[in-house]
Amino acid sequence: MTRITWTLGWLLILMAAQSHAHSEHEAKTAEQRLEQVAFDQRIGETLPGDITFLDRTGAPVQIGQLAQGKPMVLVMSWFDCPNLCPMLLGRLAETAEKLSFAPDEYQVVAVSIDPGEGPEEAQAVERRMRSRNGDIAANWRFLSGDHAAIDRLAEAVGFDYVYDAEHDRYAHPAGLVIVDPDGTINRYLFGIDPQAPDLRLALLDAGKGEVGSPVDQVVLRCYRFNVESGQYNLAVMRLLQASGGIFMVAVVVLFFWMRRRNRL
């Protein structure tokens, strides 16, 4: 083997070693980045109402104005996100279609986490939503803001995200923040696929009796929210209590019905 062949061989080995080291560094960096991404739940805390964003028309909107009167589904989103955010918004729209509530009984607000996005990007994502999901997203609000406003809202709802300058993208958690009509954070639903029963119960919970039927309120009492999993579980004891109450009412009704019948 000639000297040139040996030299080329060593160069290839060196390049492979450098490539492997670079891949390991990238993997470690990505892992460290993902460790910073999570929801730090702030249930019971109130959203700062004076944070100002722009809606899709460019009009200023304060978060406090949006939270008044109806329960709110808040989505921290990246409008130009290539993966996670459109999936979450799409799944939310599909789930919303399954709810028994009218769309105007609650509100959905998506806030961009990218300070480089503005009303133009908000209009684009709104058009995409209406094209894919129809009128269910007609009343949704898509907001954009500057860095300070985004960070303040993210801090208020415990949305820990990271900007990856090397790849010009955001690493962020996925989920929904359910807010009471008075602006108090009530629930977190995690993941990109919110389930209709969880969203329905979360809105009933946040609505404080103003959303849903009386039967819905009874059903809500049979479930308990698991803060760790972000899901509602059937509370057996509450179910037994509710069943016992219904049984007693049925017995009383039957008693008076039979008594009246015997008099006839």
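Start by selecting helix α6 and colouring its buried residues: Ala196, Asp198, Leu199, Leu201, Ala202, Leu203, Leu204, Asp205, Ala206 and Gly207. Buried here means under 20% relative accessible area, while exposed means over 50% and partly exposed lies in between (1.4 Å probe, protein chains only). Helices (H or I, at least four residues) and strands (E, at least two) are DSSP runs, numbered from the N terminus. Since 10 of the 12 residues of α6 are buried, this helix is largely enclosed by the rest of the structure.

Before moving on, a word about what is on your screen: this is a predicted model, in which local features need pLDDT of at least 70 and side-chain atom pairs count only at pLDDT 80 or more, while totals for chains, interfaces and linings use all residues. Residues are numbered from 1 along each chain as its sequence is written, and side-chain values use heavy atoms, with hydrogens and water left out.

From its first C-alpha to its last, α6 reaches 16 Å, close to the 16 Å expected at 1.5 Å a residue; the expected span is 1.5 Å times one less than the number of residues. Then step just past the end of α6 to Lys208, which takes a positive phi of about 55 degrees. Most residues other than glycine have a negative phi. Asp168, which is not a glycine, also has a positive phi, of about 50 degrees. You will find Asp168 in the loop between β8 (162-164) and β9 (169-171).

**Into the core**

Next, select Val73, Trp140, Phe142, Leu176, Ile178 and Leu199, which touch the most other members of the 31-residue largest nonpolar core. A nonpolar core is a set of buried Ala, Val, Leu, Ile, Met, Phe, Trp, Tyr and Cys residues joined through side-chain atoms within 4.5 Å. At least two residues of this core come from each of β4 (72-77), α3 (84-97), β5 (107-112), α4 (119-133), β10 (175-179) and α6 (196-207). Which of them gives the most? It is α6, with 6 residues.

Zoom in on Ile178. Not counting residues up to four places away in sequence, Ile178 touches Met72, Val73, Thr184, Ile185, Asn186, Arg187, Leu189, Leu199, Ala202, Leu203 and Ala206; contact means heavy atoms within 4.5 Å. There is also a second, separate core of 30 residues, and it includes Val61, Leu74, Ala156 and Val179.

**Along α3**

Now select α3. Its buried residues are Cys85, Leu88, Leu89, Gly90, Leu92, Ala93, Thr95 and Ala96. These pack against β4, β5, α4, β6 (141-143), β10 and α6. The end C-alpha atoms of α3 are 20 Å apart, which agrees with the 20 Å its 14 residues should span at 1.5 Å a residue.

**A hidden space**

How many cavities of 30 Å³ or more does a search of the whole structure find? The search finds 1. On a 1 Å grid over the protein atoms alone, a cavity is a set of points where a 1.4 Å probe fits but cannot get out, and lining residues have an atom within 4 Å of a point. About 50 Å³ of space lies in the largest cavity, a volume being the space filled by probe spheres set on the points, which are joined across faces, edges and corners.

To see its lining, select Val75, Met76, Ser77, Leu84, Cys85, Leu88, His172, Pro173, Ala174 and Gly175. The elements that give two or more residues to this lining are β4 and α3. The lining divides into 7 nonpolar, 3 polar and no charged residues. In this count, Ala, Val, Leu, Ile, Met, Phe, Trp, Tyr, Cys and Pro are nonpolar, Asp, Glu, Lys and Arg are charged, and the others, Gly among them, are polar.

**Two stops on α4**

Select Glu126, in helix α4. Is Glu126 buried or exposed? At 7% relative accessibility, Glu126 counts as buried. Leaving aside its neighbours within four places in sequence, Glu126 is in contact with Arg56 and Phe142.

**Last stop: Gly230**

Finish at Gly230, in the loop between β12 (223-226) and β13 (231-234). Gly230 is buried, with a relative accessible area of 4%. Beyond residues up to four places away in sequence, Gly230 touches Tyr188, Leu189, Phe190 and Phe225.

Key:
1 Å grid on protein atoms, 1.4 Å probe; cavity = no way out; pocket = protein on both sides within 12 Å on 5 of 7 lines; lining within 4 Å.
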